[in-house]
Structure formats: structure tokens, C-alpha cells
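Below are some notes for a colleague on the model shown here. They are set out as numbered points.

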Amino acid sequence: MSMMTRTALFARLLLDARRSQSELEATITARLKKVLVAAASVPHYRDQMRNVGYDPRQDFSGPKDLAVLAVTLKTDIKASPVSFVQTAESGRLQRYFSD
């Protein structure tokens, strides 16, 4: 991570620290929904969500939704690394994984 990226993230953190509790909760909820929607395009997580009948675009209700996803272990990733990246990136695993 570059120094510029770290600085930008730190500045964002400082701005968030000045917000009210309700604003923070709304921001956390919005960011989490974006993450879960993006995760739905990754085969491993898409399958997990499908197996429990969860679609973050329609069913999202907040942080408690994380309970629908099983904890991912390093052994899971090593067993099937291609299932942990979006299909378009499956030919470029070396960009994401090293051991």
C-alpha cells in the first residue's frame, strides 16, 4: 500500500471520527452493503449466499447479515484459490495470492 493511499485512508478515518454515532452507523451500513454486493460476484461467496437464500441487493438489513457467511480459512483458499476471485480475474491469480 502506497504512502498516498495510507494517508488518504487515515484522513478518511479522521473525518469519520468527527461524525455522530447515527452518521457512523449509516456509513458502516452503506459500506458493508457495497462489500457484500461485491462479494456476491466472487464464486465462493456467491455460492455461500445462494445456499442460504441470501441476496445482498435485496435482503441486506445490516451488519448482522455477516452471519450468513461462514468463516473463511486459509485452507479453504489454498484448496480452491480460483473460487476466491471474480471470474474475470481467474487467470491472474498471482496478482492476489502468494504463499
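1. Is Ser83 buried or exposed? Ser83 is buried, at a relative accessible area of 15%, where buried means under 20%, exposed over 50% and partly exposed in between (1.4 Å probe, protein chains only). Ser83 belongs to the segment that follows helix 5 (74-79); helices here are DSSP runs of H or I with at least four residues, numbered from the N terminus. Setting aside residues up to four places away in sequence, Ser83 touches Val42, Pro43 and His44, a contact being heavy atoms within 4.5 Å. A polar atom of the Ser83 side chain lies 2.8 Å from the backbone oxygen of Ser80.

2. On provenance: this is a predicted model, in which local features need pLDDT of at least 70 and side-chain atom pairs count only at pLDDT 80 or more, while totals for chains, interfaces and linings use all residues. Residues are numbered from 1 along each chain as its sequence is written, and side-chain values use heavy atoms, with hydrogens and water left out.

3. Which residues make up the largest nonpolar core? The set is Leu32, Leu36, Ala39, Ala40, Val42, Tyr45, Met49, Tyr54, Phe60, Leu69 and Phe84, 11 residues in all. A nonpolar core is a set of buried Ala, Val, Leu, Ile, Met, Phe, Trp, Tyr and Cys residues joined through side-chain atoms within 4.5 Å. Helix 2 and helix 3 each supply at least two residues of this core, and the largest share, three residues, comes from helix 2. In soluble globular proteins, nonpolar side chains tend to be buried together.

4. Helix 3 spans residues 43-51, and its buried residues are Pro43, His44, Tyr45, Gln48 and Met49. Their cover includes helix 2 (21-39) and helix 4 (56-59). Just after helix 3, Gly53 has a positive phi of about 70 degrees.

5. How many salt bridges does a search of the whole structure find? The search finds four, a salt bridge being a side-chain nitrogen of Lys or Arg within 4 Å of a carboxyl oxygen of Asp or Glu. Asp16 pairs with Arg19, the closest N and O atoms being 3.3 Å apart, and salt bridges link Asp16, Arg19 and Arg31 in a network. Asp16 counts as buried at 13% relative accessibility, whereas Arg19 is partly exposed at 31%.

6. Within helix 3, Asp47 and Arg50 are three residues apart, about one turn of the helix, and their side chains form a salt bridge (3.4 Å, N to O). Asp47 is partly exposed at 35%; Arg50 is exposed at 55%. Asp55 and Arg57 form another salt bridge, with the closest N and O atoms 3.2 Å apart. Here Asp55 is buried, with a relative accessible area of 19%, and Arg57 is exposed, with 53%.

7. Phe10 lies in helix 1 (residues 3-17). Val35, in helix 2, is exposed with a relative accessible area of 52%. The C-alpha atoms of Val35 and Thr5 are separated by 19 Å, the two residues being 30 apart along the chain.

Methods
A polar contact is a pair of N or O atoms within 3.5 Å; within protein, one must be able to donate a hydrogen and the other to accept it, and residues adjacent in sequence count only if both atoms are side-chain atoms.
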